[in-house]
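Please look over the model shown here.

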Amino acid sequence: MRVPPKRSVGALGSTRPDENNNVAEDCDNYVLVDRRRRQRCKQQPPMPTSDDRARLAPKPRPPRRRVYHRPDAIVIRAHDPSTYADILKKLKGDQALQQTVGSSVNNIRRSAAGALVLQLKKGVDNASDLGEELGKALGTTATASARQHTSMIEIKDLDESVTKEEITMALDALLGVPVSRRDPVKSLRKAYAGTQVAVVALPDDLAATALKLGHVRIGWVSCRIRGREEAARCYRCWGPGHVAARCKGPDRTQLCYRCGQKDHQAKDCKGQPACVLSQERGTDDHRHASTSSSCPLARKITQTRR
């Protein structure tokens, strides 16, 4: 079969073989492109300035707050403030008291209310016994009471069958110190999901040890130990946000915390709860104890002063 010749289109340009030994036309109007992938130069990051160093530098951790453990004290209140010097002379002249109380006292000072304060040495844990011994020696001249500085902690995740006695026994085993005579468990209330929360008052050093441990085994549950922050409350007028040394309110030390009446204590109260703070300010909601945490007026005053 005969193939017709190709139609002539003019004079052909010069030809030359390429690198693959193929004949290619001479293309003077074209530019050869190198298709090999070139390595990209790595761009060097700019040198950080002083501002960048200050911004990127790790922030220093805040210093750990030091916990000061306040020692216990014995407060002596006399009917006549001018007789405190005579009282001290009488106590120092008793040799039996010199061996027991005198060896445990660190310093003697006056309180803001004018009472005599015998500050005990660190490590003395029988302040209540020493206070009773001083009270017997003073007789009717003055009264002596122990002031034990405590910190409040919370024990959470307690199951609903746990009692105060079980919590006290668990704390005795955890701390290695019998705390049962102090009656440390102040309240035991219900929490979410059928659990309970206990509020415990311990001496400052024992509370710091318990917080450092973080957990205590009570029954079948490993319960969490957390600190509890409480707002300052005056024991003289029961008002929140200040202490008795700066109190300008009425003296309510002889009243019942629960009903606000005289001649009995809250543990023996049989009347209806009545908050004297709410009644004083004309609040309708006053059917609760005066020092109760459920008092809305006390919470409002505390948040405002903070």
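Is Tyr257 buried, partly exposed or exposed? Tyr257 counts as partly exposed, at 38% relative accessibility. Buried means under 20% relative accessible area, exposed means over 50%, and partly exposed lies in between, with a 1.4 Å probe and protein chains only.

This is a predicted model, in which local features need pLDDT of at least 70 and side-chain atom pairs count only at pLDDT 80 or more, while totals for chains, interfaces and linings use all residues. Residues are numbered from 1 along each chain as its sequence is written, and side-chain values use heavy atoms, leaving out hydrogens and water.

**The aromatic pair**

The whole structure holds one aromatic pair. Trp238 and Tyr257 form this pair, and the pair is tilted. Their centres are 4.8 Å apart, with 35° between the planes. Rings of Phe, Tyr and Trp (its six-membered ring) pair if their centres lie within 6.5 Å; planes under 30 degrees apart count as stacked, over 60 as edge-to-face and the rest as tilted. Trp238 and Tyr257 are 19 residues apart, and both lie in the loop between β11 and α7. Helices (H or I, at least four residues) and strands (E, at least two) are DSSP runs, numbered from the N terminus. Trp238 is buried, with a relative accessible area of 1%.

**Salt bridges**

How many salt bridges does a search of the whole structure find? The search finds four. A salt bridge is a side-chain nitrogen of Lys or Arg within 4 Å of a carboxyl oxygen of Asp or Glu. Side chains of opposite charge can pair when their charged atoms come close.

| Salt bridge | N to O distance |
|---|---|
| Arg189 and Glu154 | 3.7 Å |
| Arg228 and Glu154 | 2.6 Å |
| Asp157 and Arg224 | 2.8 Å |

Begin with Arg189 and Glu154, which meet in a salt bridge. Arg189 lies in strand β8 (residues 185-190) and Glu154 in strand β7, so this pair ties together parts that are 35 residues apart in sequence. Arg189 is partly exposed, at 40% relative accessible area. Glu154 is buried, at 10% relative accessibility.

Glu154 also forms a salt bridge with Arg228. Arg228 lies in the loop between β11 and α7 and Glu154 in strand β7, so the pair ties together parts 74 residues apart in sequence. Arg228 is partly exposed, with a relative accessible area of 27%. Glu154, Arg189 and Arg228 are linked in a network of salt bridges.

Asp157 meets Arg224 in a further bridge. Asp157 lies in strand β7 and Arg224 in strand β11, so the pair ties together parts that are 67 residues apart in sequence. Arg224 counts as partly exposed, at 26% relative accessibility.

**Positive phi**

Asp157 has a phi near 70°, a positive value in a residue other than glycine. Strand β7, where Asp157 sits, spans residues 150-158. Asp263 is not a glycine, yet its phi is positive, at about 70°. Asp263 is found in the loop between β11 (221-227) and α7 (276-280). Asp263 counts as exposed, at 80% relative accessibility.

**Cysteines**

The structure holds zero disulfides. A disulfide is a pair of cysteine sulfur atoms within 2.5 Å. Cys247 is buried, at 15% relative accessibility. Cys275 is buried too, with a relative accessible area of 0%.
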